[in-house]
Amino acid sequence: MRHKNPATEDVAIEPKFLDAAEVAVRLRVSRSTVYNLIDSGRLPAHRMGGGKIRPRGLRVLETAVDAYLSGSLVTPSTKAVA
């Protein structure tokens, strides 16, 4: 009988979802700023549930947070600041 080697099996890596508080910590902003980024479309999110007052259950892919951070890099200007 042959046993499968776990190291050679095809393992699907599941995407990691972050809630608004976790995204806020990574971006060093408030949760309301995270919700504003989601509402403006600058940070894509998935709705995993609902709430009457606030859209609870919004989750953001970790890769989306990384993409947002890499897309917001600013390079210093070559002009001298006087």
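**Buried faces and loop residues**

Modeller: In helix 2, the buried residues are Val34, Tyr35, Leu37 and Ile38. Viewed down the axis of helix 2, these buried residues fall within an arc of 160 degrees, so they line one face of the helix. The model discussed here is a predicted one.

Biologist: What does the face of helix 2 turned away from its buried side carry?

Modeller: That face carries Asn36 and Asp39, both exposed.

Biologist: What covers the buried residues of helix 2?

Modeller: The cover includes helix 1, strand 3 and helix 3. Covering is judged by contact, that is, heavy atoms within 4.5 Å.

Biologist: Which residues of helix 1 are buried?

Modeller: They are Ala20, Val23, Ala24 and Leu27.

Biologist: What makes the buried residues of helix 1 line one face of the helix?

Modeller: Seen down the axis of helix 1, the buried residues fall within an arc of 100 degrees, so one face of the helix is lined by them. As a general rule, an α-helix has 3.6 residues a turn, so residues three or four places apart point the same way.

Biologist: What covers the buried residues of helix 1?

Modeller: Strand 1 (17-18), helix 2, strand 3 (58-61) and helix 3 (62-71) are included in that cover.

Biologist: Why is Val65 called buried?

Modeller: The relative accessible area of Val65 is 1%. Buried means under 20%, and Val65 therefore counts as buried. Val65 has its place in helix 3.

Biologist: Which residues is Val65 in contact with, leaving aside its neighbours within four places in sequence?

Modeller: Val65 is in contact with Leu18, Val23, Arg26, Leu27, Leu43 and Val60. Of these contacts, Val23 and Leu27 are among the buried residues of helix 1.

Biologist: Where does Arg28 lie?

Modeller: Arg28 lies in the loop between helix 1 (20-27) and helix 2 (31-39).

Biologist: Why does Arg28 count as exposed?

Modeller: Its relative accessibility is 78%. The term exposed requires over 50%, so Arg28 qualifies as exposed.

Biologist: What is the phi of Arg28?

Modeller: Although Arg28 is not a glycine, its phi is positive, at about 60 degrees.

Biologist: Which residue takes a positive phi just after helix 2?

Modeller: That residue is Gly41, with a phi of about 85 degrees.

Conventions. Residues are numbered from 1 along each chain as its sequence is written. This is a predicted model: local features need pLDDT of at least 70, side-chain atom pairs count only at pLDDT 80 or more; totals for chains, interfaces and linings use all residues. Side-chain values use heavy atoms; hydrogens and water are left out. Helices (H or I, at least four residues) and strands (E, at least two) are DSSP runs, numbered from the N terminus. Buried means under 20% relative accessible area, exposed over 50%, partly exposed in between (1.4 Å probe, protein chains only). The arc is that of the directions from the helix axis to the C-beta atoms.
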